[in-house]
Structures are given as structure tokens and as C-alpha cells.
Amino acid sequence: MMLTVAAITLILGSVVLAGLFALAYTLDVASIQLDSVGKGGDEVEMKLVQGKPEIKFSLIRNYELIKNGANSFLFREYQYMAVFIVGFAALLVVVLGTGHSWAAGIFSAISFVAGSLTSILSGYIGMSIAVFSNARTTVKCVDSIGAGFNTAFKAGSVMGFAL
């Protein structure tokens, strides 16, 4: 009994700790504003755009285009996955229902659908984090390559800690 309580405490503690790290890194990356390039104001902005304000506009425009493209891709992919998930869940019910028991078939199908939806959610979160952090990593690279690397590392860590 004592071992079970210790195991549950360790598991739940790890989940909470990972969630806190994911939240902290998310807030850190989200604090980087795309409209204020760099931390040195006009001087850093001029270093990035080198007298060409259209580059800053291009960064934000490209971010929006990539975000829209990623969402379109995921939506189309999820349409195909929905057909597969429904079809395979039905196949599970029929095959396991006739071979073993209908309860086994139904519960297996429910488990398959739950796992599929979890995978879809993880993919959406991962893509959102990647797209969200891309432009912000570019902005931080104006300060230094190290700052850009840290931003990219923190953004990648969010998905690892969140799962």
C-alpha cells in the first residue's frame, strides 16, 4: 500500500512539475512581441531591417502565411484521419464483436478513437507551438544567435513537457 501511494505521488508530482515548466516556457516565448523587434528599440530594429521597414512587415506577413498554411494542412489531414478513424473503429467493433464479444469490440473501438483524438490534439499543439515560436526565434536572433537558440529550445521543450 505504501509503495502504491509513493508511486502515485511520484507520477502526479512529475505531471505537475512538467506542466509548470511547460507553462513557464510558454509564457517566456509568448512574451516576445513581433511588432517590437529586438530589445534595443530603434537601434536594434534598424540593425534587423537595415533601413528597410518592409522586412519587419515581411516577417509578420510570413508568420501569418505560415500559420494559415499549417492550419489548412492540419484541417485537411484531420478530414482524412476522421474517415480512417471511423472506418477502423467500425472494423474493430465488427471483428472483435463477432470473434470475442461485442463489449470487447466496442471498448476497443472507444479506446482506439480516444487514442486517435489524443494524437490529433498533440499534433495540433505541436504545430501551433512550432509556428508560434518560429517568428519569435527570428526576432531573438537579432539580439544574438544564443538568444535565438534559447527561444527555440524553450519552444521545443514546451511540447516535451506538455506530453
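The following paragraphs go through the helices of this predicted model, with attention to the pair α4 and α5.

Residues are numbered from 1 along each chain as its sequence is written. Because the model is predicted, local features need pLDDT of at least 70 and side-chain atom pairs count only at pLDDT 80 or more, while totals for chains, interfaces and linings use all residues; side-chain values use heavy atoms, without hydrogens and water.

The protein has five helices and zero strands, where helices (H or I, at least four residues) and strands (E, at least two) are DSSP runs numbered from the N terminus. The order from the N terminus is α-α-α-α-α. Of the 163 residues, 24% are buried (under 20% relative accessible area, with exposed over 50% and partly exposed in between; 1.4 Å probe, protein chains only). Among contacts (heavy atoms within 4.5 Å) with a separation of 6 or more, 68% join residues 24 or more positions apart.

Helix α4 covers residues 102–143. With 42 residues, α4 reaches 62 Å from first to last C-alpha, close to the 62 Å expected at 1.5 Å a residue (1.5 Å times one less than the number of residues). α4 bends by about 30° at Asn 134, the bend being the angle between axes fitted to the seven residues ending there and the seven starting there.

Trp 102 lies in α4 and counts as partly exposed because its relative accessibility is 48%. Leaving aside neighbours within four places in sequence, Trp 102 contacts Val 93, Val 94 and Gly 97. Leu 92 is ten residues from Trp 102 in sequence, and their C-alpha atoms are 9.9 Å apart.

Helix α5, residues 145–162, has 18 residues and spans 26 Å between its first and last C-alpha, close to the 26 Å expected. The buried residues of α5 include Ala 147, Gly 148, Thr 151 and Met 159. These buried residues pack against α1 (2–30) and α4.

Two packed helices are described by the angle and the distance between their axes. For α4 and α5 the angle is about 170° and the axes are 8 Å apart, with axes fitted to C-alpha atoms over the stretch in contact and angles run from 0 to 180 degrees between N-to-C directions. The two helices are therefore roughly antiparallel (over 145 degrees). Residues making the contact include Ile 125, Ile 129 and Arg 136 of α4, and Ala 152, Ala 155 and Val 158 of α5. By class, the contact has nine nonpolar, six polar and three charged residues (Ala, Val, Leu, Ile, Met, Phe, Trp, Tyr, Cys and Pro are nonpolar, Asp, Glu, Lys and Arg charged, and the others, Gly among them, polar).

Key:
Parallel < 35°, antiparallel > 145°, perpendicular 65-115°, else oblique.
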